[in-house]
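Please look over the protein model shown here.

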Amino acid sequence: SDPFEMQVTIGCELHPGWVSVGFLRGAYQGSDFMSFQNNSWLPSPKGGSSAQLVCRALNQYQVYKEIVQTLLSDTCPRFILGLLDAGKADLQRQVRPEAWLSSGPSPGPGRLLLVCHVSGFYPKPVWVMWMRGEQEQPGTQR
């Protein structure tokens, strides 16, 4: 009648060459309990005899093992590749910056402080400098 806590993590990692490695790990009451590897349920050493008993029972159901194996080796990597493909256009987009000038507080009599504002650009790195014609102006901040 006491409450118990089960935690499951399931997913896949994509490695160079689009090699996918799936994983499923289960914990009971905060400790490693079991995992799914090579089409079978494996008890964790910390899971003790209870984990061995549960894995032995689950390994008898071939159809469920096939479902989990398909999720790890097929469904998950196809889902990840779909996300990457859908996000590719967004990740590769380039947006030119907008720039405008304003005057800042006067640095002294007869002097003017110009401030250049730049925004709206993507990706993040941007290089801004003061130019006169083709020449970068010395003594200005970049």
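Apart from neighbours within four places in sequence, Leu84 is in contact with Leu14 and Trp18, where contact means heavy atoms within 4.5 Å. This is a predicted model, in which local features need pLDDT of at least 70, side-chain atom pairs count only at pLDDT 80 or more, and totals for chains, interfaces and linings use all residues. Residues are numbered from 1 along each chain as its sequence is written, and side-chain values use heavy atoms, with hydrogens and water left out.

**Leu84 and helix H2**

Leu84 belongs to helix H2, which spans residues 62–92. Helices (H or I, at least four residues) and strands (E, at least two) are DSSP runs, numbered from the N terminus. Leu84 has a relative accessibility of 41% and therefore counts as partly exposed. On this scale buried means under 20% relative accessible area, exposed over 50%, and partly exposed in between (1.4 Å probe, protein chains only).

**The nonpolar patch**

Which residues make the nonpolar surface patch of about 690 Å²? They are Val8, Ile10, Tyr61, Val63, Tyr64, Ile67 and Leu71. Strand S1 (6–15) and H2 are the elements that give two or more residues to this patch, and H2 gives the most, with four residues. Patches are made of residues with over 30% relative accessible area and no salt bridge; like charges are joined within 9 Å, and nonpolar side chains (Val, Leu, Ile, Met, Phe, Trp, Tyr) within 5 Å. Accessible areas come from the Shrake-Rupley method with a 1.4 Å probe, and for residues only the protein chains shown count as cover. Tyr64, one of the patch residues, lies in helix H2. Its relative accessibility is 51%, so Tyr64 counts as exposed.

**Ser35 in strand S3**

Ser35 sits in strand S3, residues 31–37. Is Ser35 buried or exposed? Ser35 counts as buried because its relative accessibility is 12%. Its side chain makes a polar contact of 3.2 Å with the side chain of Gln37. A polar contact is a pair of N or O atoms within 3.5 Å; within protein, one must be able to donate a hydrogen and the other to accept it, and residues adjacent in sequence count only if both atoms are side-chain atoms. With neighbours within four places in sequence left aside, Ser35 is in contact with Leu24, Arg25, Ser40, Trp41 and Leu42.

**Cysteines**

A disulfide is a covalent bond between the sulfur atoms of two cysteines. The structure holds one disulfide, counted when a pair of cysteine sulfur atoms lies within 2.5 Å. Cys12 and Cys76 form this bond, with an S to S distance of 2.1 Å. Cys12 is in strand S1 and Cys76 in helix H2, so the pair ties together parts that are 64 residues apart in sequence. The torsion about the S-S bond of Cys12 and Cys76 is about -90 degrees, which means that the disulfide is left-handed. Both Cys12 and Cys76 are buried.

Cys55 counts as buried, at 2% relative accessibility. Cys116, at 32% relative accessibility, counts as partly exposed.

**Salt bridges**

Side chains of opposite charge can pair when their charged atoms come close. How many salt bridges does the structure hold? There are three, a salt bridge being a side-chain nitrogen of Lys or Arg within 4 Å of a carboxyl oxygen of Asp or Glu.

| Pair | N to O distance |
|---|---|
| Arg78 and Asp74 | 3.2 Å |
| Asp85 and Lys88 | 3.6 Å |
| Arg93 and Asp90 | 3.3 Å |

Arg78 and Asp74 are four residues apart in helix H2, so about one helical turn separates them. Arg78 counts as exposed at 55% relative accessibility, whereas Asp74 is partly exposed with a relative accessible area of 31%.

Asp85 and Lys88 also both lie in helix H2, three residues apart, about one turn of the helix. Asp85 is exposed, with a relative accessible area of 51%, and Lys88 is partly exposed at 40%.

Asp90 counts as partly exposed at 45% relative accessibility.
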